[in-house]
Amino acid sequence: QVQLVESGGGLVQAGGSLRLSCAASGRAFSTYAMGWFRQAPGKEREFVASINRSGGSRAYADSVAGRFTVSRDNAKNTVYLQMNSLKPEDTAVYYCAARNSNPTRVTNDLEYDHWGQGTQVTVSS
């Protein structure tokens, strides 16, 4: 098992940046591929980005490609989401998730086995 705790959310103006972190407990972090999802009020939870076990392969939703970067540091049991050029439509609760499978682009939240509590990101216009 793995426990995930997100941090780094907050309020930022449009065009600004935030860096989210997801800290994992447990000894098996490197066996999990990781994903970031987000959910705005009244909307479905949507895929944002994912990264494979080694960190050598990444995938992004079209809506964030070129603006967001996902990375991981297995020595620190941490995955990151660097968010640049933020837009009001990026406002959501952001969740970190882990799965045992390794394919990089897995966008279905049902494929993920563990979830963090979420961190709020609010982008003002």
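A charge is taken to sit over a ring if NZ of Lys or CZ of Arg is within 6 Å of the ring centre and within 35 degrees of the ring normal. By this criterion the charged end of Arg45 sits over the ring of Trp115, 3.9 Å from its centre, and Arg19 lies over the face of Tyr80, at 4.0 Å from the ring centre. The model is predicted, so that local features need pLDDT of at least 70 and side-chain atom pairs count only at pLDDT 80 or more, whereas totals for chains, interfaces and linings use all residues. Residues are numbered from 1 along each chain as its sequence is written, and side-chain values use heavy atoms, with hydrogens and water left out.

Rings of Phe, Tyr and Trp (for Trp, the six-membered ring) were paired if their centres lie within 6.5 Å, with planes under 30 degrees apart counted as stacked, over 60 as edge-to-face and the rest as tilted. The count by this rule comes to 5 aromatic pairs. One of them is formed by Phe37 and Phe47, edge-to-face, with 5.8 Å from centre to centre and 75° between the planes; Phe37 belongs to strand β4 and Phe47 to strand β5, 10 residues apart. Strands (E, at least two residues) and helices (H or I, at least four) are DSSP runs numbered from the N terminus. Both Phe37 and Phe47 are buried, where buried means under 20% relative accessible area, exposed over 50% and partly exposed in between (1.4 Å probe, protein chains only). Tyr95 and Trp115 form another edge-to-face pair, at 6.5 Å centre to centre and 75° between the planes, which links strand β9 to strand β10 (residues 114-115) across 20 residues. Tyr95 counts as buried because its relative accessibility is 18%, whereas Trp115, with a relative accessible area of 27%, is partly exposed. Ring pairs link Phe37, Phe47, Tyr95, Tyr112 and Trp115 into a cluster.

Strand β5 is largely enclosed by the rest of the structure, because 5 of its 6 residues are buried. Strand pairing requires that DSSP finds at least two bridges between the two strands. On this basis β4 and β5 run antiparallel and are joined by 5 bridges, with Ala49 in β5 as the bridge partner of Trp36. The hairpin of β4 and β5 has 6 residues between the strands, and Gly42 in this hairpin takes a positive phi near 80°. An antiparallel pairing over 3 bridges likewise connects β5 and β6, in which Arg58 of β6 is the bridge partner of Ile51; these two strands form a hairpin with 6 residues between them, and Gly55 in the turn has a positive phi of about 85°.

A nonpolar core was defined as a set of buried Ala, Val, Leu, Ile, Met, Phe, Trp, Tyr and Cys residues joined through side-chain atoms within 4.5 Å. The largest such core holds 36 residues, of which Met34, Trp36, Val79, Leu81, Met83 and Tyr94 touch the most other members. Strands that each supply at least two residues of this core include β4 (33-39), β5 (46-51), β8 (78-83) and β9 (92-99), and β9 gives the most, with 5 residues.

Asn77, in the loop between β7 and β8, has a phi near 50° and counts as buried because its relative accessibility is 19%. Ser85, in the loop between β8 and β9, has a positive phi of about 50° although it is not a glycine, and counts as partly exposed at 40% relative accessibility.
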